[in-house]
Structures are given as structure tokens and as C-alpha cells.
Amino acid sequence: MQPYSPNWTHVTEFVMVGFVGVHEARLLFFTLFLTMYLFTLVENLAIILVVALNHRLRRPMYFFLTHLSCLEIWYTSVTVPKMLAGFIGVGGGKNISYAGCLSQLFIFTFLGATECFLLAAMAYDRYVAICMPLRYGALVSWGTCIRLAAACWLGGLLTPILPIYLMSQLTFCGPNVIDHFFCDASPLLALSCSDVTLKETTDFLVSLVVLLASSTVISVSYGNIVWTLLHIRSAAERRKAFSTCVAHLTVVSLFYGTLFFMYVRTKVASSINFNKVVSVFYSIVTPMLNPLIYSLRNKEVKGALGRVFSFRSWGGQ
């Protein structure tokens with residue numbers, strides 16, 4: 001919190017400094033993050049296209065994967081293009097209005113919370129499919145899938161309402177420099193001239209509820225899945241299934257570990273540069289890895305991709 005001054009004026013625009021100290025290597029960082037962003041867009045769009053065109057993939061698991069792919073496209077697009085513009089100084093890339101900053105924070109929080117709920121729904125789907133295959137059709141019907149997906153998006157939408165309302169009630173009287181590459185809550189609170197205790201406590205509690213609720217569902221689901229897999233007689237099938245589970249849990253652990261570190265705490269962060277590195281993992285790296293882990297390693301998806309693109313190549317000849 002900034003100290004009060006009788007000469008303060010309301011801030012109408014913020015400046016995001018991004019990654020300080022990389023000026024000489026800014027084109028390298030720009031190329032790296034642009035490549036990661038484009039790769040994320042291409043792989044997620046490919047999944048959406050393949051599932052839409054292949055009737056064999058119109059099953060609950062791929063229904064949730066399509067939602068996850070749509071979400072990842074929007075999730076990265078909220079922050080990465082603005083960050084890239086800041087690297088090369090295009091169109092006032094480092095500047096963002098007060099309203100634009102709060103809007104970015106709202107959408108980023110909404111999509112981040114929705115992803116947590118979607119990952120939990122996907123874990124439950126895999127739990128029923130592996131642990132209760134005979135009841136899968138009854139427990140995970142299309143009606144259930146639609147309700148689960150709607151609940152994920154609605155829960156995500158409701159998550160940032162109170163935190164953003166409280167943020168909008170704070171006074172920002174200068175300086176207006178955000179030491180981050182997007183409008184996150186912690187660096188914004190550091191600029192406020194108001195008492196941020198209530199806002200910090202609310203952020204902590206909301207983050208704790210979202211992360212604990214969704215991670216508990218994921219942990220219980222995969223715990224039961226692992227227990228079931230231990231009883232598979234075929235060693236080859238057991239190794240294959242464990243390989244898939246380990247890949248899923250690795251990317252989920254990376255996502256949740258960084259989110260817990262960043263948001264389940266009551267004090268404004270002091271190590272800003274380290275926080276930026278952590279933020280890169282949950283805002284850029286995991287959205288890039290999710291399609292690879294959940295979809296593109298899947299034989300059905302790879303086969304469908306091959307058929308789609310071979311058909312289009314043949315059709316273009």
C-alpha cells in the first residue's frame with residue numbers, strides 16, 4: 001500500500017513494466033513467448049476442429065477437452081498479446097487504462113477458476129470411466145456433461161465478482177507503474193493508497209475455496225484411479241495407464257502448485273521477479289502443455305488428426 005499524500009490524484013492509466021532487466025534480450029523473449037502462444041493456439045484449434053469433424057470423438061471425455069481447448073485459447077489471449085506488444089513497444093503496449101486493467105483481471109480470474117473446475121470435472125469423468133465402467137453411461141450422460149460444464153463456467157464467472165468489486169473500491173493515487181506483465185491482484189494492491197486488508201483476506205479465502213475444492217476432487221479421483229490400476233493383471237496395460245496418469249498429474253501439479261504459491265497467501269508478495277516467473281508457468285506454460293498431455297498423446301486424437309489432414313491434403317490435389 002502506498003502512503004497517503006494530500007496532493008494525490010486518481011490514477012486513470014497504468015504502465016506495466018513487464019520483465020525488467022531483459023531489454024537487450026527483449027526480441028529473444030518476444031520470439032520465445034510468441035512461439036509458445038502460437039503453438040498453444042494451433043494445438044487447441046486443432047483439437048476443436050478434430051473433435052467437431054470426427055463423430056467417433058463425440059464422447060464425454062472429448063466434450064470436456066473441447067471446452068478446455070476453448071478456455072486455453074481465451075486464457076492465454078487475455079494476457080500474452082498485451083505482453084508481446086510491451087516487448088516491442090507497439091501501440092502503447094505497456095499502457096493500460098484503469099478500466100482495462102480491472103477487466104483483464106476479471107477475465108483472467110474467471111477463466112483461471114473455470115479451468116480449475118473443468119480439470120476437476122475431467123478427473124471425475126476419468127474416475128467413473130476407469131473405476132466404474134459398467135455405470136459410466138448412467139453416471140456420465142450427455143445431460144450430466146452439459147450440467148457439469150455449465151456449472152464450471154458459472155462457478156468461474158462468479159469467482160471474481162467480489163474480489164473485483166473490492167478492488168474497484170480501492171483508491172489508486174500514484175505511482176501507476178505495475179511491476180508485472182499483466183494486471184494481477186498482488187502488484188495492483190501494492191499501488192493502492194487504501195487499506196487493502198479486506199481485499200487481501202477476500203482474495204485469500206476465494207482462492208483457497210476454489211483451489212482446495214477442485215484439487216480435492218482431482219486428488220480423490222486420481223487416488224481411486226491409481227488404486228484400480230494397481231489391480232490390472234496385464235503389466236503392459238498397467239504401465240501404459242500409469243504413464244497417462246503420471247503425465248496428467250504432472251501438468252495438474254504444475255498448474256496447482258504455482259496457483260497455490262501465488263494466491264493462497266494473505267500478504268502482498270515481496271519477490272516480484274520470482275512471482276513473474278511463477279506466473280509464466282500457470283498463464284503460458286501449462287496452457288501450452290495441456291493439449292499435449294490430455295489430447296495429442298491420445299491414440300484416438302492422433303488417428304483422427306491424421307485422417308483429417310490426410311483427407312484435406314488429398315482433397316486439395
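**Whole chain.** Start with everything selected; the model is predicted. Colour by secondary structure: the protein has 11 helices and 3 strands. Followed along the sequence, these elements come in the order β-α-α-β-α-α-α-α-β-α-α-α-α-α. Of the 317 residues in the protein, 47% are buried. Among contacts with a separation of 6 or more, 81% join residues 24 or more positions apart.

**Annotated spans.** Next, select residues 27–53, 96–124, 136–158, 204–230, 242–264 and 276–296, which an unreviewed UniProt entry annotates as "transmembrane region". Then move to residues 242–264, where the chain is 96% helix and 0% strand. Here the distance between the end C-alpha atoms is 30 Å.

**The pair α3 and α5.** Now show helix α3 (residues 98–131) together with helix α5 (residues 142–158). Their axes come within 7 Å and cross at roughly 150°. The angle is over 145 degrees, so α3 is roughly antiparallel to α5. The crossing of α3 and α5 is right-handed.

From α3, select Phe106, Phe110, Leu111, Ala113, Thr114, Phe117, Leu118, Ala121 and Tyr124. Which classes of residue make up the contact of α3 with α5? Colouring by class gives 12 nonpolar and 3 polar residues, with no charged residues.

Notes: Residues are numbered from 1 along each chain as its sequence is written. This is a predicted model: local features need pLDDT of at least 70, side-chain atom pairs count only at pLDDT 80 or more; totals for chains, interfaces and linings use all residues. Side-chain values use heavy atoms; hydrogens and water are left out. UniProt positions are given in the numbering used here, feature names are shortened, and annotations may be inferred rather than shown by experiment. Helices (H or I, at least four residues) and strands (E, at least two) are DSSP runs, numbered from the N terminus. Axes are lines fitted to C-alpha atoms, for helices over the stretch in contact, and angles run from 0 to 180 degrees between N-to-C directions. Angles under 35 degrees count as roughly parallel, over 145 as roughly antiparallel, 65 to 115 as roughly perpendicular and the rest as oblique. A crossing is left-handed if the near helix is turned anticlockwise from the far one by less than a right angle, and right-handed if clockwise. Contact means heavy atoms within 4.5 Å. Ala, Val, Leu, Ile, Met, Phe, Trp, Tyr, Cys and Pro count as nonpolar, Asp, Glu, Lys and Arg as charged, and the others, Gly among them, as polar. Buried means under 20% relative accessible area, exposed over 50%, partly exposed in between (1.4 Å probe, protein chains only).
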